Structures are given as structure tokens and as C-alpha cells.
Amino acid sequence: MDKGKAVIGSLGRRWAVDFSDNSTSRDILDPPGFSRASLDQDDSSLSRQKKDAESNWKAQKAWEVAQAPFKNLLMMGFMMWMAGSTVHLFSIGITFSALWQPISALQSVGKMFEPYKDSKVELLGPKLLFMALNLGGLALGVWKLNAMGLLPTHTSDWVSSLPPALEVEYSGGGLNFG
Amino acid sequence: MAIRVFLTLLLFLSLSNIVSSIYEDQVGLMDWHQQYIGKVKHAVFHTQKTGRKRVLVSTEENVVASLDLRHGEIFWRHVLGTNDVVDGLDIALGKYVITLSSGGSILRAWNLPDGQMVWESSLQGSKESKSILNVPKNLKADKDDLILVFGKGCLHAISGIDGEVLWRKDFAGESIEVTDIIQSTEVIYVAGFVGSSNFNVYLLNAETGEFLKNNHLVLPFRTSGELLSIPGDKFVVLDSARSKIVTINIKNGDINYNQKQISDLIEDSSGQAVILPSRLPGLFALKINSWVLLIKVTNEGELVVVHKIDNTAAFSNALSISEDQHVFACVQYEDNKVHLSVKDVNDWNSDLLKENLVIDHQRGNIEKIFINNYVRTDRSHGFRALMVMEDHSLLLVQQGEIVWSREDGLASVVDVTTSELPVEKEGVSVAKVEQNLFEWLKGHVLKLKGTLMIASPEDKVAIQKLRLRSSEKSKMTRDHNGFRKLLIVLTRAGKVFALHTGDGHVVWSIMSHTLRKSEECEHPVGLNIYQWQVPHHHALDENPSILVIGRCGPSLTAPTVLSFLDAYTGKELNSLSLAHTVARVIPLPYTDSTEQRLHLIIDINKHAYLYPKTPEAIEILKREFSNIYWYSVEADNGVIRGHALKSNCIHEVVDEYCFVFRDLWSIVFPSESEKIIATVSRKSNEVVHTQAKVMTDHDVMYKYISKNILFVANAAPKASGEIGTATPEEAWLVIYIIDTVTGRILHRMIHHGCQGPVHAVFSENWVVYHYFNLRAHRNEMSVIEVYDQSRADNKDIWKFVLGKHNLTSPISSYYRPEVSAKSQSYFFTHSVKAIEVTSTAKGITSKHLLIGTIGDQVLAIDKRFLDPRRTLNPSQAEKEEGIIPLSDSLPIISQSYITHSLKIEGLRGIVTVPAKLESTSLVFAYGVDLFFTQIAPSKTYDSLTEDFSYALLLLTIVALVAALFVTWVLSERKDLQEKWR
């Protein structure tokens with residue numbers, strides 16, 4: 001986001017004089033021979049050009065951001081492979097971070113693409129890609145969980161805490177008191 | 001998921017924990033051990049020498065012991081086997097303790113100071129008879145001290161020095177019931193009856209054992225047979241109607257007799273007369289009604305009543321304090337006071353000693369008294385008396401004071417239950433318990449030193465002492481972990497004790513007055529103890545109560561007594577003398593609104609009685625009427641029967657608390673091939689965590705968990721005796737697992753060439769039993785696990801996800817289960833006296849088998865060693881699951897003896913109680929000794945260890961906070977400097 005602002009320029013500088021400012025509330029008079037009307041016309045075509053470039057640039061950046069989780073995905077896959085499939089602190093930590101990252105990223109999709117919000121920029125495509133990649137990451141995490149046997153996908157996971165069934169009848173007894 | 005993680009964690013913990021042992025300095029922290037001897041039968045004082053004064057005793061628990069006369073501590077003690085009953089005890093040669101045991105067939109000499117056995121003689125004989133030990137004080141044969149022993153129909157003369165049999169005389173052919181042996185310098189008189197009226201005396205040469213003479217006298221009437229010899233040459237006996245006293249004089253081998261009507265001696269002779277077995281010179285004591293007559297027998301055989309004593313409790317034998325002075329002690333009751341008097345045999349008017357004693361009412365009557373004298377500084381005689389009380393405790397009385405007492409009733413515990421302690425009240429502050437803050441701090445600093453290994457040897461001693469007598473341990477309130485409880489034990493004498501699990505001290509003890517010896521109740525015995533009322537969690541201010549069942553005699557027809565006790569205070573709330581007999585008590589799994597448990601008492605006339613007798617209990621019973629069953633095992637007939645309630649009893653008056661019952665089923669074992677030797681069922685209060693067992697490949701086996709199953713072990717009739725009496729071909733064991741509601745045999749298997757005794761424990765869905773394999777000449781243990789096949793097809797995971805399964809819905813035994821059993825056997829080194837299994841609060845923790853070995857120790861074996869799924873080469877996955885490779889015998893790891901170096905002499909039973917902490921199980925083992933400890937089969941995974949240093953933790957936290965603060969200040973300062981730059 002910061003990067004984007006710096007490139008845009010106007011906010012990155014300490015001070016600036018805007019020559020294209022043509023508001024009427026000026027206390028300095030225009031120099032003689034200066035025609036404001038012609039300048040205005042020229043200026044508007046210039047700014048349109050500029051805006052086009054900007055939106056192009058924004059769209060490009062949005063795609064870049066959308067593709068960023070892919071690298072993450074590869075990284076995560078490598079880490080998981082390194083961690084192995086037994087349950088211990090390291091592998092659990094990695095798996096949980098692999099699950100958490102996509103989830104938090106998915107939660108902040110809107111924020112992520114806010115700087116590139118523009119009436120001319122189509123953000124749906126990048127957003128969808130971003131979400132797909134993150135969901136892929138999530139799937140990877142879940143797959144890892146399953147590989148470690150931490151997902152309740154077997155009957156045994158559901159019955160292991162089943163209490164014994166109650167019995168209708170009761171029977172006591174034994175030997176007589178000797 | 002969490003459960004899986006937890007279980008995996010548990011698995012890791014348990015894998016690393018095959019041995020659960022303790023360190024040397026942990027001994028006595030959580031365990032305690034108490035030594036007892038039992039009810040004293042014989043006592044001999046040994047006070048002549050200047051050394052340590054002691055009293056030698058033999059007891060009904062077959063213990064021979066030497067006790068310190070000053071404090072009552074045990075100098076040494078030997079526990080003979082259960083069949084080795086001690087018949088006689090005496091001191092020979094002034095240095096040996098002689099005991100005669102096993103029906104007069106084993107004579108042993110023990111060294112007096114240290115109790116080492118000096119010699120042992122086994123005496124042969126052919127027929128059962130009374131056994132008499134006679135250690136003459138002045139008889140010499142070839143300068144050798146003779147010991148005369150009559151046992152198994154033979155008279156033996158044995159050298160006191162090495163136990164050699166010098167001569168023996170067989171009386172088996174003479175059909176005489178020898179009742180007495182009298183020795184004079186050269187002649188030995190052997191007296192007894194042939195039949196009930198033919199009195200015989202044999203005269204033997206004391207040196208050679210030769211027959212000298214045989215005289216006999218036929219009395220014209222029958223006698224009661226209780227012959228008492230009066231030192232000298234006389235005998236007294238009552239006739240069979242107990243109305244005449246017969247005095248028999250055998251002077252010089254001539255026998256003559258006198259008789260006298262009891263009514264001539266006392267006006268009111270309506271009661272039954274009994275000759276008391278106290279041996280007094282020239283005297284005997286006759287008990288009639290509440291009176292005791294002391295009757296002198298003159299030289300002419302005349303009887304003179306010299307003294308009449310009322311309300312007498314006990315007489316001692318005569319004690320000779322000088323050449324011609326013989327004294328005896330007698331105890332009298334007089335309105336709650338006990339009078340002890342010592343009298344001279346020849347001088348009736350004066351008492352040598354008269355003392356008033358205050359004896360705790362809960363100890364009951366005085367049953368036996370033994371006296372001993374000492375010489376005071378002013379040369380007069382002082383006396384000390386050893387008293388055996390009705391509750392089997394032992395008191396030493398001297399100068400009107402109880403010098404020491406021993407609670408030896410605890411040597412004969414018959415049943416155990418537990419009770420929680422009261423909840424801690426608001427008023428009790430911590431400071432009061434911990435003495436003061438300084439002490440507390442000091443203790444923790446010491447502990448910290450220990451942790452940091454900077455403690456000096458003195459500090460270490462102080463730390464150990466601090467740990468051992470931690471006041472926390474024996475507090476009288478409930479603790480968070482549930483380690484502190486009351487062990488409520490019932491002894492054979494009918495006395496109930498509450499022991500604190502922290503240090504084993506007696507919190508209260510009570511002997512119900514209905515279970516005391518009286519006219520109606522001649523031989524009271526304690527039978528069983530049950531939890532009667534356990535208050536609900538919401539009513540913690542109520543006290544729990546306990547039901548004690550006792551009976552007035554050994555037979556089933558004797559009258560029975562119920563007594564209800566308050567578990568906190570030991571007060572008797574109520575007691576009932578039942579009009580019916582008690583053959584069996586069945587605690588039902590139902591409680592009324594006051595949390596009283598319903599009990600069914602079955603009598604011998606096929607009636608069932610409901611207790612408590614309240615309308616509400618009847619309501620509850622009516623509701624569950626058709627679901628109540630019970631079974632009876634008739635071991636003699638080889639039959640097991642199932643019963644159910646039918647209707648109210650039909651008496652003249654309708655008793656709605658009495659029911660008749662019908663027989664539903666019976667299993668009759670073929671008597672020519674099977675004999676019931678053991679039956680075991682599950683404990684009714686056992687908690688099972690899950691019904692499923694997860695296999696390595698995520699497969700599930702459903703355990704067949706039913707409380708209504710019974711394990712029965714039958715032996716071949718020929719092989720039901722001792723090991724070695726049958727050949728392997730004629731020995732076999734047949735094992736049954738029976739459903740006791742329907743009588744269905746769920747599983748049956750045969751062990752060929754094996755025989756009992758069988759000891760078994762049943763828990764969850766498995767049974768472990770111990771027996772002897774005659775072919776292999778080794779003990780063996782087997783395990784059977786029972787699984788329910790009819791549930792096995794519950795495999796659809798979506799059913800579980802949606803909760804659409806019916807695995808937890810109530811089941812009936814009539815729904816036919818398909819049961820499969822897995823079994824495996826292993827050799828085991830020890831013979832076994834008892835088997836138990838650990839029990840925990842939720843049943844999650846893995847289980848250990850507790851085996852009471854023949855060496856009177858308790859060994860803990862992980863249940864995983866007795867797993868039918870063990871194979872020779874388990875796969876990697878199976879190993880991960882904790883399956884141990886199969887071996888032919890169970891390993892005995894010496895660290896897994898939970899009794900460590902101690903022995904529980906005469907071990908009879910083990911009881912396990914869950915603590916509130918899931919990992920821990922409390923174990924109480926009883927026999928002649930008592931032992932208590934806590935064990936954690938999977939280690940204490942749910943709590944910090946006892947020696948965890950809280951001070952260190954606190955210190956670390958304080959240091960961290962301080963460091964945090966300092967670094968924060970420093971960084972603030974640095975920031976400021978940065979900004980000024």
C-alpha cells in the first residue's frame with residue numbers, strides 16, 4: 001500500500017506547488033498574456049492520460065498481490081514435507097500456521113485490495129485468484145492434518161469416547177456368607 | 001480430535017513407563033505400613049534377666065511374637081502359615097521359645113533374643129487328637145531338658161537342646177482321648193477318657209517312656225468331657241447334665257473319685273455350670289450364672305467353696321511368686337468400672353493388689369488375662385497384667401494405668417470400604433494448618449535448596465523429615481486430589497475402624513453393642529460392610545453412613561445384626577437385630593431421595609427382604625421389579641442358579657418388604673468331571689470410560705461390557721486338592737463366562753493338565769486368572785477378553801457425525817449378543833494369594849494388575865503384558881500402539897513391587913479405590929499387616945510431582961518480572977536519548 005502511494009507521488013513529497021491548480025481564490029493575478037482557458041483544456045487531456053496509466057498500474061499490482069500466496073504455498077509445502085507426518089510440536093506448529101495463514105488472509109481480502117480500488121480497475125479476477133490460492137493453502141493444511149491422523153475421518157475417532165451402554169437388568173449375588 | 005491427541009500423549013507417556021517405581025527417599029511419603037499380631041492366645045512373660053523385658057505371645061493369626069513390655073513394640077515376629085495353628089507356647093532352658101503347631105505335629109524352638117529358629121522337629125502320628133505342650137521345669141533326663149508333647153495320638157519326649165525325639169509312645173491304639181499330661185520326677189501320668197465315662201491313667205517312665213501301669217475307673221455316669229487338672233494329682237470334671245462335680249484323685253496310680261451336687265455348693269444352681277480353664281493350685285473356678293465359685297479341693301477330695309465373685313470377666317493362671325506363694329488375678333466389672341485384683345491362693349481375705357481401671361468402652365469385655373510380677377524397690381511384689389480384650393486388642397496394665405495398648409483386631413480385617421472426609425469448612429485458615437508463615441517459608445527455602453543441590457546433609461535430613469510428617473497428609477478434610485479418605489475396615493471381632501489414608505491412624509473405632517458377646521450372641525463375627533448412604537455433591541453437609549453386617553455365630557442360621565454407622569464420627573445411628581437369617585446381601589444400583597442405597601437381603605428360607613424399610617424404597621423397587629435378578633453359587637452341589645423376584649411373602653400378616661422369588665435358570669455342572677473352585681464378577685462400582693477398543697488400523701472392536709457377567713473356574717474333582725495330589729492326565733480346569741441374567745454361557749474353555757487354586761480378577765471386558773500348570777510344573781496366568789461382535793458393523797462414520805447410532809441406548813441381556821473371546825496364557829513365577837486391578841476415577845488411565853505374591857508382597861504388572869493381541873513380531877504400527885512382543889512368561893521387574901522392601905504378612909486381600917485425580921489409584925492391602933500406597937499406572941500425567949519446587953517457580957516469575965521492568969526502564973531511557981540527539 002505504501003509502495004503504491006509513493007509511486008503515485010503527490011503524497012510522498014514534503015511540499016509541492018501545484019501549477020495546474022486553477023481555483024479562483026488566488027490572491028496573485030495571472031501574468032499578462034496568460035490565458036487560463038487554453039491551459040485548462042490542455043491540462044485535462046494530460047490528466048486523463050495519467051489516470052489511465054495509474055489504473056493500468058493498479059490492475060497490474062492487484063494481479064501481483066493476488067499471485068503472492070502461490071509462493072507461500074510452495075514454501076509451506078516444503079516445510080510440511082520437512083516436518084514429517086508424526087505428531088510433535090514442530091509439525092503441529094507448522095500445520096497450524098499453514099491453516100491459520102490462509103484463513104487470516106481470506107478474512108482480509110477486502111483490505112488487501114483496497115489500495116487498488118478504482119472505478120476502472122476490475123478487481124474480481126485478482127480477488128478470485130487470491131482466494132483460490134489461499135483455499136489451496138488451506139486444503140494443503142487440512143491434508144497435512146489428515147496425514148498426521150488428526151482429522152476425525154475414521155469410526156474409531158467417533159466411538160473412542162462412547163460410554164458403555166446402560167443395562168436394563170441388574171444382577172447381583174454370589175456365594176453365601178460362609 | 002482432542003481425545004486423539006490426548007490418547008496419543010497418554011500412549012507416549014505410558015510407553016516410557018513400563019516400570020513405575022519409587023526412589024529411596026520417597027518411601028513412606030505416600031505409603032504406610034502397620035504391623036500387627038492378632039488376638040493373643042498364649043502369653044509367657046520373660047522378665048527374669050536384667051536385659052530387656054519381654055512377653056512372648058502366640059495368636060489366632062498364627063503369629064509367634066516377642067513384644068517389648070515397656071512399649072508394646074514388636075521385637076520379633078514370625079507368621080506361620082494359615083494351616084500351621086499354634087497350639088502351645090512356652091520357654092525352655094531359659095533361652096528358647098518353644099511352639100507346638102499344626103495339630104501337634106511341628107515343634108519349633110526359637111532363639112529368645114532375636115527370634116531365629118534354632119531347631120524344628122516334625123512329629124509323626126496317626127490320628128487327630130488334642131495337642132498338649134508340656135515343658136517341665138524340673139524334669140531332667142540324662143541332664144537333658146525334656147519337652148513332652150502330645151499330638152496326633154502320640155506322646156513324644158523331645159530334647160530341648162536340639163529337638164531330637166528321645167522316645168515316643170503311641171496311644172492311637174488305645175482309643176483314649178488324652179486330655180492331660182502330668183509329670184512328676186520319675187513318672188509321667190497320661191490321663192484321659194475312653195468314651196465319656198471310662199477314666200484312664202497311664203503311668204510312664206519319664207526317662208525311657210516305658211509303660212509302667214494302666215489304671216482305669218468306670219464312672220457310673222457320663223461326663224461332659226472337660227477335664228481340668230488341678231496341679232498335684234487331682235482332676236475335676238462335670239457330669240453330662242452339669243449338675244455334679246466329680247473329683248478324681250490318682251494318687252500313686254490308684255484312682256478314686258468323689259462327687260458332689262452343685263446345688264450343695266450354691267443355692268441357685270439353675271444356670272449351666274462351666275469349669276473355667278484356669279490352672280490354680282488346689283483350686284478350680286466354676287462359673288454358674290453370673291457367679292464364679294472358687295472351690296478348694298482338699299486332700300481328701302472334699303470340695304469347699306472358698307470364695308464367690310460376682311460379675312467376673314476373667315481369671316489368670318496361677319503365678320508362683322515364691323516357693324510357697326501362688327497368686328492369681330481376676331477381673332470384675334462393677335458399674336462401668338473394672339476392678340483388677342490379685343489374690344493369694346491360700347489367703348482369701350486380703351488382696352495383694354486391688355486396682356480400678358478405666359478401659360475404653362469400645363474395647364468390650366476382657367477375655368483373657370495373664371499376670372507377671374516384679375519386685376518393687378521396697379521388696380514388695382508388684383504385678384503387671386496383660387489383657388486380651390473382646391475386640392482382640394492387647395493392653396498392658398501396671399499400677400492401675402494402661403501402659404500400652406495394641407489394636408491387634410486390625411490383624412483380622414474381613415471387609416473394607418471407603419468414605420470421603422468432610423469438606424473443609426470456611427473457618428479453618430491455612431495459617432492454622434501450616435503453623436505460621438515463617439515455618440512455611442523456611443520449608444520452601446529448604447526445598448529450594450534441595451532443588452538447586454546446594455543443601456547440606458543436615459538440610460537434606462530436615463527436608464526428608466519435613467516431607468514425611470507433612471501436616472497436609474493427615475488433615476481431617478477432603479483434599480482436591482481425593483488422596484485423603486477414610487478406610488473403613490471391619491474386623492473379625494465385629495469392630496469397625498476408620499483409618500486415615502494419609503498416615504494410617506485410627507480416626508474412630510466402634511464396637512456395636514449388638515455385636516458384643518452376650519447371652520443371645522455367643523460368638524459374634526463381623527461379616528461385611530457396605531456403603532449405606534453417600535450424600536450427593538449438593539448435600540455435602542450431610543454425613544455418609546455405613547452398613548455393617550454381623551452374625552452371632554459361624555453357622556448361616558445364627559441371628560444376624562445390622563448396624564448403621566456415621567462414617568465421619570463413628571456413632572451408631574441405628575442397629576437392628578433381624579428376625580430372619582442372612583445368607584447374602586445384594587446392594588442394588590438404586591438410591592432413594594436421601595441417597596440411601598437399596599439393599600436386598602436374602603435369607604436361607606428363600607425370602608428376600610428390602611432395606612431400608614421405607615415406602616419410597618418399595619416404590620423404587622416396584623418400578624424396577626422386573627429388572628432385578630440375582631444368582632447363587634452352590635459350590636458343593638456344582639450348581640449356579642438365577643433368581644428373580646416374584647411377589648410379596650405370604651405370611652399371616654402381609655409384609656410388603658418381604659418377597660418370595662422364583663428360579664429362572666440353573667447351570668448344573670457334571671459332578672463327576674467338574675467342581676466349582678472360584679467365581680469372580682466385576683466390581684459394581686467400576687467406571688469404564690469407553691466401549692470401543694481402537695485397533696492399529698483405525699478399526700474398532702466393541703468391548704462386551706456388562707456388569708452381569710460371572711467368571712467361573714471349575715476343576716476336575718480329583719485335582720481340586722493341593723498341587724501334587726493329581727497327575728496332569730486327571731487334572732483340568734474348565735473356565736466359563738456366564739451371563740447372570742439369562743444364564744447364558746458366553747464362553748467356555750478348558751485348560752488341560754492344570755489345576756487350582758484359581759485366583760481371578762474381572763474388569764471391563766477382560767478377566768485375568770492364575771492357576772497351576774501341572775505339565776509345565778509352573779504357575780500360569782491367562783487373560784480372556786470378550787468382544788461384542790453384534791456391534792462390529794457400526795462403521796458408517798456419518799451415523800456418528802449426525803449422532804444417529806444406537807450404541808449408547810440401554811441394552812438388555814435378553815438381546816442376544818454375539819460374543820467373541822480372545823485368550824492368551826503366560827507363565828508366571830509366583831504363586832498368588834490375591835489379584836486386584838487398579839481403578840481410577842474415570843477409567844481412562846491404563847490399568848495395572850496388582851498381584852499379592854506368596855511372599856506377601858504386592859507386584860504391579862502392566863495390563864499390556866496380558867494382552868491377547870500380543871504376537872511374536874508385532875508390526876511397527878502395533879509397536880507404536882504399545883503391543884509388547886510375545887514372550888512365554890510374564891516379566892517380574894523388581895522395581896515394580898509396590899510394597900518395595902516391606903512385607904504384608906499373611907496377605908489376604910487387596911482393595912483399590914480411585915482418587916479424584918484420574919491418574920492415581922489408592923491401594924490398600926491387608927493381612928496380619930496393613931499397607932497403603934498410591935499408584936499411578938501411567939505416571940502422574942495430570943499433576944505436578946510432589947517434590948515440585950513452587951518456590952523456584954515463584955522465584956523465576958519474580959526474577960522475570962523484575963528483568964522486564966528493568967529492561968523497560970532502560971529502553972525508555974535510551975529512546976529519550978535518541979530523541980534528544
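Student: Which residue stands opposite Gly174(A)?

Tutor: Gly174(A) faces Ser632(B), a residue of β47(B). This is a predicted model, in which local features need pLDDT of at least 70 and side-chain atom pairs count only at pLDDT 80 or more, while totals for chains, interfaces and linings use all residues. Residues are numbered from 1 along each chain as its sequence is written, chains are lettered from A in the order in which they are written, and side-chain values use heavy atoms, without hydrogens and water.

Student: What makes β1(A) and β47(B) paired strands?

Tutor: Strands (E, at least two residues) are DSSP runs, numbered from the N terminus. Two of them pair if DSSP finds at least two bridges between them. Here 5 bridges join β1(A) to β47 (residues 628–634) of chain B, so the two strands pair, and they run parallel.

Student: How many residues are in contact across the two chains?

Tutor: Contact means heavy atoms within 4.5 Å; by that rule, 29 residues of chain A touch 58 residues of chain B.

Student: How is the size of such an interface given?

Tutor: It is often given as the accessible area lost when the parts come together. Buried area (1.4 Å probe, summed over both parts) is about 3900 Å² for chain A and chain B, 60% of it on carbon and sulfur atoms. On the side of chain A, Glu169(A), Tyr170(A) and Phe177(A) lose the most area to chain B, together 22% of what that side buries.

Technical notes: Buried area is the accessible area (1.4 Å probe) that two parts lose on being put together, summed over both. Helices (H or I, at least four residues) and strands (E, at least two) are DSSP runs, numbered from the N terminus.
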